[in-house]
Amino acid sequence: MKIKVYAQLSIDEKQIRRYLRKAIVCGPIKRGDIYNDINHRFNSIAIIDGRFDQTLAVSPSEIQDGIRSGLRIYGSSSMGALRAAELNSFGMIGVGKIFDYIKNSLLFRDDFVGQVFSE
C-alpha cells in the first residue's frame, strides 16, 4: 500500500513515522499534487498542511477527482481539515477536533487555519 502525507508544519516527519513508517512524507500540498499521486498509484493520502498564498491551493474539484479515481483521502489539522469539512459528503475523511469544529461551527472562517511559512 502506498501512502503519502502532506504535512511538516503542524506535525513533523518524526512524529508521522511513529505511526506510518513506510509513508512518503512531504511538505504542504498544493494544486496539482493529487493528480501526481493518482499517476503514481498511491492508495491513500493524508492532507494535513497546505499551501494557499505562495501558490494555488489544492482545490475541492481536484480532491473529488482523486476520490473518484479510488484514492482514500484523509484531512486534518489545517488545510486538510478545511477541505475535509467541505468534502465530507463526497467521501473525504475528516479526522480530529479541528475538522469537527470546522464542520459544526457557524462562526468558522477559513483564515483560522492558515499558517505563514517560508521555504
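## Helix α4 on the sheet

α4 (79-87) lies across β3, β4 and β5 and runs at about 120° to β4. The axes behind this angle are lines fitted to C-alpha atoms, for helices over the stretch in contact, and angles run from 0 to 180 degrees between N-to-C directions. Helices (H or I, at least four residues) and strands (E, at least two) are DSSP runs, numbered from the N terminus. The model is predicted: local features need pLDDT of at least 70, side-chain atom pairs count only at pLDDT 80 or more, and totals for chains, interfaces and linings use all residues. Residues are numbered from 1 along each chain as its sequence is written, and side-chain values use heavy atoms, with hydrogens and water left out.

Because seven of its nine residues are buried, α4 is largely enclosed by the rest of the structure. Buried means under 20% relative accessible area, exposed over 50%, and partly exposed in between (1.4 Å probe, protein chains only). The buried residues of α4 are M79, G80, A81, L82, R83, A84 and L87. Their cover includes β3, α3 (60-68), β4, β5 (93-94) and α5 (97-104).

## The sheet

Five strands form an open sheet in the order β2-β1-β3-β4-β5, with parallel pairing. Its edge strands are β2 and β5, each of which pairs on one side only. Two strands count as paired if DSSP finds at least two bridges between them.

Strand β1 (residues 3-6) is joined to β3 by four bridges, and K4 has I45 as its bridge partner in β3. Three bridges link β1 to β2 (residues 24-26), where V25 is the partner of V5. Further along the sheet, two bridges join β4 to β5, and Y74 stands opposite I93 in β5.

## Nonpolar cores

A nonpolar core is a set of buried Ala, Val, Leu, Ile, Met, Phe, Trp, Tyr and Cys residues joined through side-chain atoms within 4.5 Å. The largest one has 21 residues, of which I34, I45, I47, I63, I73 and M92 touch the most other members. β3, α3, α4 and α5 are the elements that give two or more residues to this core, and α4 gives the most, with five residues. Apart from this core lies another of seven residues, among them A7, A23, V25 and A46.

Contact means heavy atoms within 4.5 Å. Leaving aside neighbours within four places in sequence, I63 is in contact with I34, I47, V58, I73, R83, L87 and M92.

## Loops and local features

Two residues other than glycine have a positive phi. R41, with phi near 60°, is found in the loop between α2 (33-39) and β3 (44-47); this residue counts as exposed because its relative accessibility is 68%. S77, with phi near 75°, lies in the loop between β4 (72-75) and α4 and counts as partly exposed at 27% relative accessibility. Most residues other than glycine have a negative phi.

S76 is in the loop between β4 and α4. It is buried, with a relative accessible area of 15%, and beyond its neighbours within four places in sequence it is in contact with I47, I48, A81 and V95.

The charged end of K2 sits over the ring of F42, 4.7 Å from its centre; the criterion is NZ of Lys or CZ of Arg within 6 Å of the ring centre and within 35 degrees of the ring normal.
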